[in-house]
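Here is a short tour of one protein, written for someone who likes to have the numbers beside the picture. Have a look at the structure first, and then we can walk through it together.

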Amino acid sequence: MDLTVVCVYKTDGDYDPEYVRNLQAGVGKHLTLPHRFVCLTDDLGVDFCECIPLKHGWPGWWSKIELFRSDLSLVNALYFDLDTVIL
């Protein structure tokens, strides 16, 4: 079973797509297990990784609750906040 690394990027907060890109790069560099990198987002301009659209308009960090949506199959998942730096 492959691992899914997940983050949530909401455009109305303190972060921008570069945080997603940096997290993806850190995971890609240091995680040796086979994995896919997924970003739940409301920004259709994020085109450098697999994206899943957010369904609800919850403000800020409340969008993280969408990780538990019944239509997502995130069984073997590892979540990182966008302010995480993988070293």
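## Starting at a loop

Thr 11 has a relative accessibility of 40%, so it counts as partly exposed. Its place is in the loop between E1 and H1. Not counting residues up to four places away in sequence, Thr 11 touches Asp 42 and Asp 43. Ile 65 stands 54 residues from Thr 11 along the chain, and the C-alpha atoms of the two are separated by 16 Å. Please keep in mind throughout that this is a predicted model.

## The overall fold

Now for the wider view. The protein has one helix and four strands, and from the N terminus on its elements run β-α-β-β-β. The radius of gyration is 12 Å, close to the 12 Å that the globule rule gives for 87 residues, so the protein is as compact as a globular protein of that length. Taken along the principal axes, the C-alpha atoms fill a box of roughly 35 × 30 × 20 Å.

Buried residues account for 36% of the 87 residues. The accessible surface comes to about 5,500 Å², and 55% of it belongs to carbon and sulfur atoms. If you take the contacts between residues at least 6 apart in sequence, 65% of them join residues at least 24 apart.

In soluble globular proteins, nonpolar side chains tend to be buried together. Which residues touch the most other members of the largest nonpolar core here? They are Cys 7, Val 20, Leu 23, Phe 37 and Cys 49, out of 14 residues in that core. Strand E1 (3–9), helix H1 (17–30) and strand E2 (35–41) are the elements that give two or more residues to this core. The largest share, four residues, comes from E1.

Leaving aside its neighbours within four places in sequence, Val 20 is in contact with Cys 7, Tyr 9, Phe 37, Cys 39, Phe 48, Cys 49 and Leu 82. There is also a second, separate core of nine residues, and Val 6, Val 38, Ile 52 and Leu 54 are among them.

## Rings and a charge

The count of aromatic pairs comes to two. In one of them, the rings of Tyr 15 and Tyr 19 have their centres 4.8 Å apart; their planes stand at 80 degrees, over the 60 degrees required, so the pair is edge-to-face. Both tyrosines are partly exposed: Tyr 15 has a relative accessible area of 32%, and Tyr 19 has one of 35%.

The rings of Trp 61 and Trp 62 have their centres 4.5 Å apart and their planes at 20 degrees; because that angle is under 30 degrees, this pair is stacked. Trp 61 counts as exposed at 56% relative accessibility, while Trp 62, at 42%, counts as partly exposed. A charge over a ring turns up too: Arg 21 lies over the face of Phe 48, at 4.0 Å from the ring centre.

## Helix, loop and tail

Lys 29 lies in helix H1 and is exposed, with a relative accessible area of 65%. Lys 29 and Pro 59 are 30 residues apart in sequence, and their C-alpha atoms are 31 Å apart in space. Gly 57 sits in the loop between strand E3 (50–53) and E4. With 68% relative accessibility, over the 50% cut-off, Gly 57 counts as exposed. From Gly 57 to Leu 33 is 24 residues in sequence and 33 Å in space, C-alpha to C-alpha.

Where does Ile 86 lie? Ile 86 is in the segment after strand E4 (77–79). Leaving aside neighbours within four places in sequence, Ile 86 is in contact with Leu 23, Gly 26, Val 27, His 30 and Phe 80.

Conventions
Residues are numbered from 1 along each chain as its sequence is written. This is a predicted model: local features need pLDDT of at least 70, side-chain atom pairs count only at pLDDT 80 or more; totals for chains, interfaces and linings use all residues. Side-chain values use heavy atoms; hydrogens and water are left out. A nonpolar core is a set of buried Ala, Val, Leu, Ile, Met, Phe, Trp, Tyr and Cys residues joined through side-chain atoms within 4.5 Å. Buried means under 20% relative accessible area, exposed over 50%, partly exposed in between (1.4 Å probe, protein chains only). Contact means heavy atoms within 4.5 Å. Rings of Phe, Tyr and Trp (its six-membered ring) pair if their centres lie within 6.5 Å; planes under 30 degrees apart count as stacked, over 60 as edge-to-face and the rest as tilted. A charge sits over a ring if NZ of Lys or CZ of Arg is within 6 Å of the ring centre and within 35 degrees of the ring normal. The radius of gyration is taken over C-alpha atoms; the globule rule is 2.2 Å times the number of residues to the power 0.38. Accessible areas come from the Shrake-Rupley method with a 1.4 Å probe; for residues, only the protein chains shown count as cover.
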